[in-house]
Structures are given as C-alpha cells and as structure tokens.
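Keep the viewer open and follow along.

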Amino acid sequence: MKETLDRVDSDPVPSNIARQWKWGLLSAVLLAFITSLPQIYLCYLRGQAWNGSCAYLDTDELPYEAYTNALIDGRPRRNDPYTGRDGGQFETLFSIQFLPAYALALPARLLGVSSSTTFIFLLPLATIAATFVVWWLLLEVTDNTLLAIVGAVGALSLGTAAAHSPLLIFQDITTGYDFFPFLRRHVPALPFPIFLASTLFVWRALTRNIAWAAVAGLSFAILVYSYFFLWTAAVAWFFTLGVLWFLARPNDRIKVTCVFGILGGIGTIALLPYVWLLMHRSNIANNVRILEPTHIPDLFRAPELYGALALGVLAYHLRRRRQSYHSPKILFAVSFALAPFLVFNQQIVTGRSLQPFHYEEFVTNYWVVLAVFLLFGILRREIPKRIIIYLAVGGIGIALMLGVQAARLTRSSNVRFDEVRAVALRLRHENLNGLVFASDFRLTNSIPAISRNPVLWSRHMYTFSNIDSVEQKKRYFQHLYYSGFDENRLSGLLRTDFFARWEVFGAERANPMLTANPEPISEEEIHNATTEYASFVKSFDAGLAGNPLLAYAIVTPDRDLSNLDHWYERGEAERTGEFIIFPLTLKVR
C-alpha cells in the first residue's frame, strides 16, 4: 500500500494551467490593485499638483531608484549618483547586483520614461508576476483550483505577518514596517517572481522532465546578479530539498543526483564572475554590509517558529492517518518549512552572519506560508467550500488591511516627496549641473533619483561605498553647518532622530536589527559627538568649504544661511514652489 501511494503521488498531475490561467490572472490583478493603493491614494491627494512621484513603501527604494536613474541617463555600471564619481576602480553593492536595474533602465530609456514612472509600473507588474507563479505552483502540486486562487493571494499577504512573532504582528503593523516586503523596488520586487519560479522548475525536474533543472539553473544565475539574499536563500532551499528527496526516496537517487548536479554546474558557472566582482569591492563595502563573526545558533526567528508548528501538525497528521512521509508532494512542502532553520543557522558552520533579518522579511516568511497552503491542499483532498471562502475572505481582508495601512502611514512622507520633486525636475530639465546643497532632508535624498546632480550629503550615500565612514560623517557635519545647526540642536537630534544617530554613530548602533549584539548609544557618546561637532564648526576653513565644491544651494526662505554666506557668493535666486535655488561661487580668500 505504501509503495502504491508513493508511486501514484509521484506521477505527474495533468496540468490545468492552460484551462485555468484566467483565474490565476484574476487573483493576481486583484492583489496588484490592493498593493497599488498607496500610489492611487498619493495621486488622489495631489490631484493636478502631482509631480509624477512614485509612492515609496520603503526609504531604501530611493538609492535603487537613483542607480536606475543614472543608468537611464547612460552612465556606466559603476556609477555613483550621490557623489558623481562614476567609473570607480571598485565594485559596489549596485554594480554587482546590476541585472534588475538594467532590466528597468533599458526599456525606460527606449520609451523615454523616468525612473519614477518605471517604479510605479514595476509594483503592480511584480505583484501580478509573483501572484501568478504562486498560483501556478499551488495548482500544480495540489491540483486544487480554488485553493490555488485563494492561496496565491493569501501566501503573499500572510507572508507579511509570518515575518513577525505572534506577539508582535499587530504592534508592528501599526508602527509602519514594510507592508508588502517582497515589493520593495527594485529588489526584491523584480527578481522575486523568478525566485519563486525556480522552486516550481525544480519540482518539475524531479517529478516530470529532468530538463527543467536547466531552467531552474538559469533562474538561479539571474538571481545571483539580482539580489544576494534571494540567491543564497535559493541555495539553502536546493540543499534542503535535495537531502530530503535523496534520503526519503532511494529509488530516485540517480535522478536527484542528476537534477542537483545540473543545478550545481550552472550555479558554479554563474558564481565564478560573481566571485571575481566580489574580489574587486572596496573594504568600505564590507563595513557597510555589517558581516558579523559568530557561531551562535538562531532558533527562534518567527518563520522558524511557524515552520516548526507546521512540521508538528504534519507529523501528528501522518502518525494518526498512518500515511507515508515519502510522498514527493509532502517532501516538497516540508522543504519550505525546514529550510528557514538552515538559513538562520548556517553561521554555526560558516562562522559568518550577514543581516539575517533580510531573510526573515523577504524570503523565509513566504516559504512557511507556502508550506502551510501546500500541506493543507495535499493532506485534505476534498476541502469544503466554506473553508475556501473563509480563507479567501481572510487573505483578501489581510491584503486590504495592509494596503490601506500602507497608504495611510506613508501618506505624509509620499506627499512630501512629490512636493520636493518639482525642484529636482527643474534641475534636470534646465541642465543645472554641479553638486547641490539642499537643506530639506527629503529633497537631498531625492535629487540623485530624479536629476543628474550629485549632492553634498544624503543618508544613502554610504550604500555606494565610494566614501568611508569618516567622509560620510564629515559631509553630514558640513550639511548641518551650512543649514545653520549648532551643537545644541545636534544634541537634540541625537536623542530623537534616527537618521542623525545613524550618521554620527553608525548603522549598527542606530538600528539594533543590523547586529546580533547591539550596543545602546550612551549619553556620554552623545556629549562627545556634540563636542566633536562644535570643534568641527570652530575649525571650519576654506579647505572644507571647497571640498566638495558646491554649485547650488536649494533652501527655504526661512533658512539661516549665514555660515554658507561666509564662504560662498549667492547668485540670482530662482523660486520653485517653496524653495529657492541659488547658484554658488566660492569666495577667494
């Protein structure tokens, strides 16, 4: 009986894709509308005053947009839109993970659209692609049309909650973390559907035609040059599934060896140039990524807890029903619940851990929800329609809640980004070249993503690794100095402002999530930092004023520019909205 069950379950299920694709597309379009609510709301609020800004779901989208904008303008792969230092000798985070940016920039340049417009369209398209792949995967493995439709929306919506422990889900939803993490642009949004599809291709290689392993390998090659946390997670999942299948199904061992041999061969070829690129990074890049030496186990991440719960329920069910765990479908589902343990504990062997919260938010959370839907469809052949209705209402309800919350909580920042966009557009359209000092926080972060101008300082400047932490802090102090800040105002910022703490004390001190051993910032350190800034102001000289050399100042009328006027002559003012653009000339001293 056991052998019969294994044989029947491993036979390929007749594909319903051709007949049912409309339902998969319908669920994808529905979720795309929900995830687009922040953009729709922004356009509604701004009305005819809308300047074409995309609705940002994560502030880290700005440097990705800036890099894409530079590529649209025809700048080289190793570009730095923040400092303007293109063609540097070192590789950066962006120049290594270049495929998504080029996939957006090349058609954008051909069609003559901006990076912001490209990001606007990327969000619904990425949603549709990811939802369709999840629907396809669920339909193929469970052969349940209704569950596939519901699960496609539910997996991508519930994945947000699965990134957080049960006690923190509702607290985090109200405090503004990423509402649809997989849609952060342009990564992981653009390669995420490919990441999901690679699991489907492996399934087909193991249960249908081994040739699908080559397609999975090509998908992996794309991931390697798209996003580090996706391709490394894919390796962990490949390993998990391969070991499970090899141990549980002795008769398939030759096939398993061939499938994962093909994957390994293509993956090795893809990784050789990648390793070469890594060897040409600067040391600054390693500091930026915060690679920690540790062998400490990490067993209580939320996806691990949910995965353990799913495995426990499965074990109880199999024991009670006396069913075989050797089933290909069960092994496939189990791999998604088990892989998070490997992802979060690889450092026990390797001794290195790199910001594991990325896996918790972008990868393993979706794995465990997918495992639950797969197991539900596999273990319950006949699912009552009322259960499907409950799942549909729950999945769509959670998606709507997330979409509405995202629109509401990002409203003020997105409106502000659109307001300041008009100034950056003027720089671009009038070809006002040169480095810009902008007193407004959102404007100085937006200019490289919209215009061709570098800036004196931006909080995202460090991501391109062309400047070290010393120069980053110096530029931040210059920005404060020209903005009229004294040490007392900085002292207040260092107690309340996340970005000020980031610039002065470093990313790992300001954001405890970046390190396994966070160190709180003490009052003594704040006092020392304000003293350092006071000394910087007192010793400010012509050398600092001219390095870097400012070409424009963009400020509001109420800004105190006495420090700036001490070193620069302001030219004729041009008004754009609430801002004034001054051309600057360094005074001869």
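Is aspartate 565 buried, partly exposed or exposed? Aspartate 565 counts as partly exposed, because its relative accessibility is 24%. Bear in mind while reading that this is a predicted model.

## Salt bridges, starting with aspartate 565

Aspartate 565 has a charged partner: its side chain meets that of arginine 570 in a salt bridge, at 2.8 Å from N to O. Arginine 570 comes out at 34% relative accessibility, so arginine 570 is partly exposed too. As a general point, side chains of opposite charge can pair when their charged atoms come close.

That pair is one of 25 salt bridges in the structure.

Let's start with aspartate 418 and arginine 46, a salt bridge whose closest N and O atoms are 2.6 Å apart. Aspartate 418 sits in helix H21 (residues 411-429) and arginine 46 in helix H3 (residues 37-46), so this pair ties together parts of the chain 372 residues apart in sequence. Are these two partners buried or exposed? Aspartate 418 has a relative accessible area of 0%, so it is buried. Arginine 46 is buried as well, with a relative accessible area of 17%.

Arginine 416 makes another salt bridge, this time with glutamate 578, at 2.6 Å from N to O. This one also links distant parts of the chain: arginine 416 is in helix H21, while glutamate 578 is in the loop between strand S6 (574-576) and strand S7 (579-586), 162 residues apart. Arginine 416 counts as buried because its relative accessibility is 17%, whereas glutamate 578, at 34%, counts as partly exposed. Put together, Arg46, Arg416, Asp418, Glu419, Asp440 and Glu578 are linked in a network of salt bridges.

## Helix H4, covered along its length

Helix H4 (residues 61-72) has 12 residues and reaches 16 Å from its first C-alpha to its last, close to the 16 Å expected at 1.5 Å a residue. How many of the residues in H4 are buried? The count is 12 of 12, so H4 can be called mostly covered because buried means under 20% relative accessible area.

Just after H4 you'll find glycine 74, which takes a positive phi of about 85°.

## Glutamine 97, between H5 and H6

Glutamine 97 is in the loop between helix H5 (93-96) and helix H6 (99-111). With a relative accessibility of 6%, glutamine 97 counts as buried.

Which residues does glutamine 97 touch, leaving aside its neighbours within four places in sequence? They are Tyr225, Ser226, Tyr227 and Phe228. For phenylalanine 228 there is a polar atom pair to look at: its backbone nitrogen lies 2.8 Å from a polar atom of the glutamine 97 side chain.

Helix H15 (residues 302-321) has 20 residues, so at 1.5 Å a residue it should span 28 Å; its end C-alpha atoms are 29 Å apart, which agrees. Buried residues in H15 include Ala302, Pro303, Gly307, Leu311, Leu314 and Leu318. Glu304 and His317 are buried there too.

The buried residues of H15 pack against helix H8 (145-162), helix H16 (328-345), helix H18 (357-362) and helix H19 (364-379).

## Nonpolar residues at the surface

Which residues form a nonpolar patch on the surface? Look for Phe239, Val243, Phe246, Leu247 and Leu342, which together have about 440 Å² of accessible area. Helix H12 (residues 228-248) gives the most to this patch, with 4 residues. Valine 243 is in helix H12, and at 34% relative accessibility it counts as partly exposed.

Another valine to click on is valine 393, in helix H20 (residues 385-409). Valine 393 counts as exposed, because its relative accessibility is 57%.

How values were computed
Residues numbered from 1 in each chain as written. Predicted model: local features only at pLDDT ≥ 70, side-chain atom pairs only at ≥ 80, totals over all residues. Heavy atoms only, no water. Helix = DSSP H or I, 4+ residues; strand = E, 2+ residues; numbered from the N terminus. Expected span 1.5 Å × (residues − 1). Buried < 20%, exposed > 50% of the residue type's maximum accessible area, 1.4 Å probe, protein only. Contact = heavy atoms within 4.5 Å. Patch = residues over 30% accessible without salt bridge, like charges linked within 9 Å, V, L, I, M, F, W, Y side chains within 5 Å. Areas by Shrake-Rupley, 256 points an atom, 1.4 Å probe, with all protein chains shown as cover. Salt bridge = Lys/Arg side-chain N within 4 Å of Asp/Glu carboxyl O. Polar contact = N/O pair within 3.5 Å; in protein donor to acceptor, adjacent residues only side chain to side chain.
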